[in-house]
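Trainee: Hi, could you walk me through this one? I'd like to begin with the strands and then get to the ligand.

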Amino acid sequence: MPETMLSVSSKVLVELKGITKSFPIPKGALIACQDINLVIEKGRSVGLVGESGSGKSTVMRVLQLLLPATSGEVWMNGVNVSRLPQRRLKRYRRNVQFVAQDPFGSLFPHYTVGGNIAEPLRIHQTGTKSEQSARALELMASVGLSQDLYYKFPHELSGGQQQRVAIARALALSPELLVLDEAVSSLDVSIQAQILNLLQEMKARMGLTYAFISHNLAAVRLLCEDTVVMYLGRIVESAPSEVLFKQPIHPYTKSLIDAIPAFVGDKVKSLPTGSLTKVERPSPTHRPSGCAYHTRCPFATDVCKVEEPKWTEPLPGHRVACHHADRLK
Ligand SMILES: Nc1ncnc2c1ncn2[C@@H]1O[C@H](COP(=O)(O)OP(=O)(O)O)[C@@H](O)[C@H]1O
Ligand code: SF4
Ligand SMILES: [Mg+2]
């Protein structure tokens with residue numbers, strides 16, 4: 001193997017290879033995501049964007065081995081972890097931790113803040129009880145929680161404080177990858193900004209990598225080196241974030257970016273959107289033929305209705321699945 005390939009692969013934290021996940025439904029199967037190929041390199045956080053129902057959470061659940069893939073493989077640090085027996089997954093599970101959307105629902109209501117944060121250490125039998133408490137206090141400091149809150153219960157905290165506890169708990173085992181699924185969406189806007197700032201600062205300080213799902217494209221741009229766009233269960237475009245947000249090619253990506261609210265003075269103003277809001281979104285159970293986006297795409301031609309677009313790479317690292325990528329770039 002050439003040296004360049006070795007050095008690239010040594011940076012790869014997680015790789016999804018051809019992941020498809022379908023769920024049985026009364027009329028057959030619902031394909032939540034299909035043929036997902038995704039590489040997460042150490043230090044290159046990945047943002048996953050797309051409308052609700054596009055399969056983002058399913059992809060991340062498969063990545064965390066919380067759901068078995070229907071087909072495809074999950075690799076971590078060069079090991080095919082999707083084929084490992086449960087007892088050998090402990091290291092992988094430690095290394096990939098999760099922060100959910102609803103902080104209160106994700107915490108144990110009858111455990112104190114300290115107890116919640118130390119819980120993963122207890123489960124993984126890491127350190128003595130007093131070492132676990134000391135680690136919980138250290139983690140509280142690192143996510144900006146005052147030590148006075150150690151003996152409080154989750155219901156006594158604000159939403160922002162609860163999410164800081166959830167983040168501290170996710171960091172307890174020093175993971176390399178943190179999966180954040182709409183982790184700021186349920187918080188007030190001003191609190192969202194605080195948590196996003198914390199995440200950005202922690203990334204640099206702790207050398208963390210994020211897999212970050214968000215409706216908030218501005219947050220993705222801020223936190224993630226790479227962005228991946230999903231539509232109806234498939235990836236349609238991926239690129240380094242600075243490229244994707246400046247020069248999106250896929251018409252769906254363009255419509256998502258057009259819909260990012262613009263700040264005018266201190267007020268948020270929505271920009272006019274393209275076709276996105278005007279045409280109803282198809283269901284994954286009735287996936288349109290050819291390019292699934294053709295029912296909403298202002299640039300669709302006959303070929304789009306019958307032929308699935310192939311991947312092209314108009315610029316190195318910028319990949320897109322669109323018949324007319326050349327014309328639209
Ligand atoms: N456990 C499940 N059983 C059946 N369908 C599911 C299940 N989980 C997700 N889905 C369906 O899979 C599709 C993708 O869902 P999801 O991954 O949650 O999308 P997103 O996170 O982008 O909103 C949706 O149509 C959803 O209804
Ligand atoms: S393949 Fe056709 S329908 Fe699909 S995004 Fe490109 S132009 Fe639009
Ligand atoms: Mg989701």
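Mentor: Happy to. Helices (H or I, at least four residues) and strands (E, at least two) are DSSP runs here, numbered from the N terminus, and two strands pair if DSSP finds at least two bridges between them. This is a predicted model, so local features need pLDDT of at least 70 and side-chain atom pairs count only at pLDDT 80 or more, while totals for chains, interfaces and linings use all residues. Residues are numbered from 1 along each chain as its sequence is written, chains are lettered from A and ligands numbered from 1 in the order in which they are written, and side-chain values use heavy atoms, with hydrogens and water left out.

Trainee: Good. Which residue in β8 does L178 stand opposite?

Mentor: Y210. The strand β7 (residues 177-181) runs parallel to β8, and five bridges join the two.

Trainee: And how many bridges join β3 to β8?

Mentor: Three, and that pair is parallel as well. V46 has A211 in β8 as its bridge partner.

Trainee: Is β8 mostly covered or mostly open?

Mentor: Mostly covered: in β8 (residues 209-213), five of five residues are buried, where buried means under 20% relative accessible area, exposed over 50%, and partly exposed in between, using a 1.4 Å probe and protein chains only. T209, A211 and I213 point one way from the strand, Y210 and F212 point the other way, and all of them are buried.

Trainee: What order do the strands of the open sheet take?

Mentor: The order is β2-β1-β4-β5, four strands with antiparallel pairing. β2 and β5 (79-80) are at the edges with a single partner strand each, so one side of each has no neighbour in the sheet. Between β4 (residues 71-76) and β5 there are two bridges, and these strands run antiparallel; M76 is opposite V79 in β5.

Trainee: On to the ligand. Which residues are around ligand 1?

Mentor: F23, L30, A32, E51, S52, G53, S54, G55, K56, S57, T58 and P284; to be listed, a residue needs a heavy atom within 4 Å of the ligand. They split into four nonpolar, six polar and two charged.

Trainee: What about polar contacts?

Mentor: Those are pairs of N or O atoms within 3.5 Å; within protein, one must be able to donate a hydrogen and the other to accept it, and residues adjacent in sequence count only if both atoms are side-chain atoms. A polar backbone atom of G53 is 2.6 Å from an oxygen atom of ligand 1. The side chain of K56 has a polar atom 2.8 Å from a ligand oxygen, and for T58 a side-chain N or O atom is 2.5 Å from one.

Trainee: How much of ligand 1 does the protein bury?

Mentor: Taken alone, ligand 1 exposes 560 Å², and the protein buries 66% of that; these areas come from the Shrake-Rupley method with a 1.4 Å probe, and for residues only the protein chains shown count as cover. The elements giving two or more residues to the shell are β2 (28-41) and α2 (56-63). α2 gives the most, with three residues.

Trainee: New topic. What is the phi of D35?

Mentor: Near 50°, a positive value in a residue other than glycine. Most residues other than glycine have a negative phi. D35 is in strand β2 and counts as partly exposed because its relative accessible area is 49%. L232, in the loop between β9 and β10, also has a positive phi, near 45°, but L232 counts as buried at 9% relative accessibility.

Trainee: Last one: which residues does R122 touch?

Mentor: Leaving out residues up to four places away in sequence, Y111 and Q132, with contact meaning heavy atoms within 4.5 Å. R122 is in helix α5 (residues 113-123) and is partly exposed at 46% relative accessibility. The helix α5 itself is mostly covered, with eight of its 11 residues buried, and the cover includes α6 (129-142) and α7 (159-171).

Terms used: Ala, Val, Leu, Ile, Met, Phe, Trp, Tyr, Cys and Pro count as nonpolar, Asp, Glu, Lys and Arg as charged, and the others, Gly among them, as polar.
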